[in-house]
Amino acid sequence: MIDIHAHLCFPQFEKEIDKVVERAKEEIDGVIVSSASFDEGKKVLELVKKYPGFLFATLGYHPTEGTDYEGVLNLIEQNHDKIVGVGEAGLDYHWEEDLKKRDQQKLIFVKFISAAERYRLPLVIHSWDAEPDCFNMVNSRKISCIFHCYSGSIDLAKSIIERGFYISMSTQICFSKHHRKLIKSIPLENLLLETDSPFLGPERHTNMPWNIKLSADKIATEKGISKESVLTAAKENAIKAFNLKLG
Ligand SMILES: [Zn+2]
C-alpha cells in the first residue's frame, strides 16, 4: 500500500511528524511526499532523507499558491537523482478566472513538463477545472503522467487511460458521488491511491496516509471486487510509475 501524494511537510504535521511517519510505517508500505512551493520542497527533501525506502519526494509548484517557481526548477535540477517525480504542477482554473493569469499558469506548467521530460521523471499533475487543457499540454510529450486527485469528466478519464497515463484516486471517493461514479470507468491498471494529506480527510479532519485503505474499501464496493485486489494493483502501479525502491 502506497499513498502516492501526501503533504507531510504542511504545518498540520509539524509537531508530530515522526509519530505520523512511524504509524504510517506500521500501516502501509510507503508514502510519496509531495511539494507545491520552494519552501515546502526544501523541507520535503530533508524529511525523506530520514526515512529512505519509505518516504519519497516529488518537487513541484502549485499554480495558484506556489511562490518562486524558478527556485523550484533549480531544486529539481540539483536533486533530480534524489526525487521520484516532478510535481505537483499544472493548471487551476477553479481559483483563477482571469484569462491572462491562466495563460501565465500555462507558461509555467510547460517548464515543469519540460523538466520531467529532461530528467525522465513522471509528472504529477494538479488540475482543477482545467483537466482538458492539462491533458492537451502533456498528450504529445514523451513523459509519463499521473493525474493527481482526478476530479474531471468520465470522458476525459477515458482519454487519459487510453494514453497510458495514471489516474490517482484520492480519499474524496469516501464522500463524493462523482468519484464513486468515476471509479467505475478506471481500470485497475491505471489506478493509483492517494490521500493528499492533510486535506480531503474522509471524516473531515486531518487526513493521514493510511486512509488509502478507506478509499480501497469504497473502490472495492463500487467495482464489486476485493479490497486486496485494489490495494495490490495500486501498489504495483505506484512502484512502476515512480520507479520506487522500497526498503
Ligand atoms: Zn497536493
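## Helix packing and local backbone features

Helix α5 (residues 131-138) packs against helix α6 (residues 154-162) at an angle of about 20 degrees, and their axes are 11 Å apart. The model is a predicted one: local features need pLDDT of at least 70, side-chain atom pairs count only at pLDDT 80 or more, and totals for chains, interfaces and linings use all residues. Residues are numbered from 1 along each chain as its sequence is written.

Helices (H or I, at least four residues) and strands (E, at least two) are DSSP runs, numbered from the N terminus. Axes are lines fitted to C-alpha atoms, for helices over the stretch in contact, and angles run from 0 to 180 degrees between N-to-C directions.

### Two helix pairs

α5 and α6 are therefore roughly parallel to each other; angles under 35 degrees count as roughly parallel, over 145 as roughly antiparallel, 65 to 115 as roughly perpendicular and the rest as oblique. α5 passes α6 in a left-handed crossing, a term used if the near helix is turned anticlockwise from the far one by less than a right angle, with right-handed used if clockwise. Glu131, Pro132 and Phe135 in α5 meet Leu156, Ser159 and Ile160 in α6, where contact requires that the C-beta atoms of two residues, placed from the backbone, lie within 7 Å. By class, this contact of α5 with α6 has 4 nonpolar, 1 polar and 1 charged residues. Ala, Val, Leu, Ile, Met, Phe, Trp, Tyr, Cys and Pro count as nonpolar, Asp, Glu, Lys and Arg as charged, and the others, Gly among them, as polar.

In a second pair, the axes of helix α2 (residues 38-50) and helix α3 (residues 69-79) come within 9 Å and cross at roughly 25 degrees. α2 and α3 are therefore roughly parallel to each other, and their crossing is left-handed. Phe38, Gly41, Lys42 and Leu45 of α2 make the contact with Gly71, Val72, Leu75 and Asn79 of α3. The residues of this contact of α2 with α3 divide into 4 nonpolar, 3 polar and 1 charged.

### Buried residues

The buried residues of α5 are Glu131, Cys134, Phe135 and Val138. Seen down the axis of α5, they fall within an arc of 95 degrees, so they line one face of the helix; the arc is that of the directions from the helix axis to the C-beta atoms. A residue is buried if 20 or more other C-beta atoms lie within 10 Å of its own, exposed if 12 or fewer, and partly exposed in between. The cover over the buried residues of α5 includes β4 (85-92), α4 (99-118), β5 (123-128), β6 (145-148) and α6.

Val84 is found in the loop between α3 and β4 and is buried, with 22 other C-beta atoms within 10 Å. Not counting residues up to four places away in sequence, Val84 touches Ile32, Phe56, Ala57, Thr58, Phe242, Asn243 and Leu244. Val84 and Glu96 are 12 residues apart in sequence and 29 Å apart in space, C-alpha to C-alpha.

### Backbone exceptions

Most residues other than glycine have a negative phi, and most peptide bonds are trans.

| Residue | Phi |
|---|---|
| Cys149 | near 50 degrees |
| Leu200 | near 55 degrees |

Cys149 is in the loop between β6 and α6 and is buried, with 23 other C-beta atoms within 10 Å. Leu200 is in the loop between β8 and α8 and counts as buried, with 20 C-beta neighbours inside 10 Å.

The peptide bond from Gly87 to Glu88 is cis, with omega near 10 degrees, and Glu88 lies in strand β4. A cis peptide bond also joins Ser197 and Pro198, with omega about 5 degrees. Pro198 is placed in the loop between β8 (191-193) and α8 (212-223).
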